[in-house]
Amino acid sequence: MKLKYNNLENINEEIKNCKKCELWKYAKQAVLGEGEKNAKIMIVGEAPGAEEDKTGKPFVGRAGRLLRNTLSSLGLEETYITNVVKHRPPNNRKPKKAEIKACSEFLIAEIQILKPKIILALGSTACEFLTGERKIKVAIEKDYEFMGAKVLVNYHPAAILRNPNLLNKFVEKIKQAKASL
Ligand code: URA
C-alpha cells in the first residue's frame, strides 16, 4: 500500500495543524506520539487528558505515571506511546465516533511507519479501534492482529486507579506483551 506519510516528522506536522474535527478548538495543543522509532512495542491509549494537553506529551498525568512506572519496573523501556485521538476532548469526555474516524489516519500511518511487532491497546477506545471488540473483558483474553502487528488488550491505567484490584491483571498483561517480543 502506498504510504501517505514517509516518516513520523511528516505525520506530526500534519497532526499539529489538523482541523479535521472540532477538537483542536478546545485543546491547547495536539499530543503527538512519543518514544523509540525502532520500538517493537507500541502502546495506544484513548486521547490526551488535562496534563497531556498542557505538556504536549502522552500519558504524563496520574494514569500515565502508573503506566510508565509499570513499564520501567518490568524493564520495558523501548516503547512508542500514542493515542487513538491526538487532541484532548473537552472535560475528558470519550472521543466521538466521527472524531476517531477523522484521527484514524494518523494512528494507521504511525503503525505503517513504525511497524511494531506488538500493539498494546489500553482501554475500550483503543480496544474497539484495533480489535473491533467493544468489551475489554472479552478482548483481554484474546490475541488480535492489526496491520501485521499482534494486538494485546489491557485495562486503561485510569481504570486501575479507580479499581486497584485490577492491578495484577494489568501488570500480567504487560509482562505478556514483553514475553511476546
Ligand atoms: N489517557 C489516555 O488514554 N491517553 C493519554 O495520553 C493520557 C491519558
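I started with Glu172, which I find partly exposed, with a relative accessible area of 45%. The model is a predicted one.

**Entry 1: a pair on helix α9**

I looked for the partner of Glu172. Glu172 makes a salt bridge with Lys175, and their closest N and O atoms are 3.4 Å apart. Both residues belong to helix α9. They sit three residues apart, about one turn of the helix. I then checked Lys175. Lys175 is partly exposed as well, at a relative accessible area of 40%.

**Entry 2: the rest of α9**

I checked the length of α9 next. The helix runs over residues 167–179, which is 13 residues. At 1.5 Å a residue the span should be 18 Å. The end C-alpha atoms are 18 Å apart, so the expectation and the model agree.

Which residues of α9 are buried? I noted Phe170, Val171, Lys173, Ile174 and Ala177. A lysine, Lys173, is in that list. Viewed down the axis of α9, the buried residues fall within an arc of 160 degrees, so they line one face of the helix. On the face turned away from the buried side I found the exposed residues Asn168 and Ala179.

What covers the buried residues of α9? I listed strands and helices from several parts of the chain. The cover includes β2 (41–45), β4 (118–122) and β6 (149–154). It also includes α4 (62–73) and α8 (157–162).

**Entry 3: other salt bridges**

I ran the search over the whole structure and got 14 salt bridges. I followed up two more of them.

In one, the side chains of Glu105 and Lys20 meet, with an N to O distance of 2.7 Å. This pair links distant parts of the chain, 85 residues apart. Glu105 is in helix α5, and Lys20 is in the loop between α1 (8–16) and α2 (23–26). Glu105 has a relative accessible area of 23%, so I logged Glu105 as partly exposed. Lys20 has 42%, so Lys20 is also partly exposed.

In the other, Glu22 pairs with Lys25, and the closest N and O atoms are 3.3 Å apart. Glu22 is partly exposed at a relative accessible area of 43%. Lys25 is partly exposed at 47%.

In general, most residues other than glycine have a negative phi. Two residues went into my notes.

Lys115 has a phi near 45 degrees, a positive value in a residue other than glycine. Where is Lys115? I placed Lys115 in the loop between α5 (97–114) and β4. Its relative accessibility is 63%; the cut-off for exposed is over 50%, so Lys115 counts as exposed.

Met147 has a positive phi of about 50 degrees, and Met147 is not a glycine either. I found Met147 in the loop between β5 (144–146) and β6. At 36% relative accessibility, Met147 counts as partly exposed.

**Entry 4: Arg134**

I looked up one loop arginine. Arg134 lies in the loop between α6 (123–131) and α7 (136–139). Is Arg134 buried or exposed? Arg134 is exposed, with a relative accessible area of 61%. I set aside neighbours within four places in sequence and asked what Arg134 touches. The contacts are with Ser124 and Glu128. I also took the spacing to Lys86. Arg134 and Lys86 are 48 residues apart in sequence, and their C-alpha atoms are 21 Å apart in space.

**Entry 5: the whole chain**

I counted nine helices and six strands in the protein chain. The C-alpha trace spans about 40 × 35 × 30 Å along its principal axes. For 181 residues, a compact globule would have a radius of gyration near 16 Å. The chain has 15 Å, which agrees.

Buried residues make up 52% of the 181. I also checked contacts between residues at least 6 apart in sequence: 72% of them join residues at least 24 apart. The chain exposes about 9400 Å², and carbon and sulfur atoms supply 49% of that area.

Note on methods
Residues are numbered from 1 along each chain as its sequence is written. This is a predicted model: local features need pLDDT of at least 70, side-chain atom pairs count only at pLDDT 80 or more; totals for chains, interfaces and linings use all residues. Side-chain values use heavy atoms; hydrogens and water are left out. Helices (H or I, at least four residues) and strands (E, at least two) are DSSP runs, numbered from the N terminus. The expected span of a helix is 1.5 Å times one less than its number of residues. Buried means under 20% relative accessible area, exposed over 50%, partly exposed in between (1.4 Å probe, protein chains only). The arc is that of the directions from the helix axis to the C-beta atoms. Contact means heavy atoms within 4.5 Å. A salt bridge is a side-chain nitrogen of Lys or Arg within 4 Å of a carboxyl oxygen of Asp or Glu. The radius of gyration is taken over C-alpha atoms; the globule rule is 2.2 Å times the number of residues to the power 0.38. Accessible areas come from the Shrake-Rupley method with a 1.4 Å probe; for residues, only the protein chains shown count as cover.
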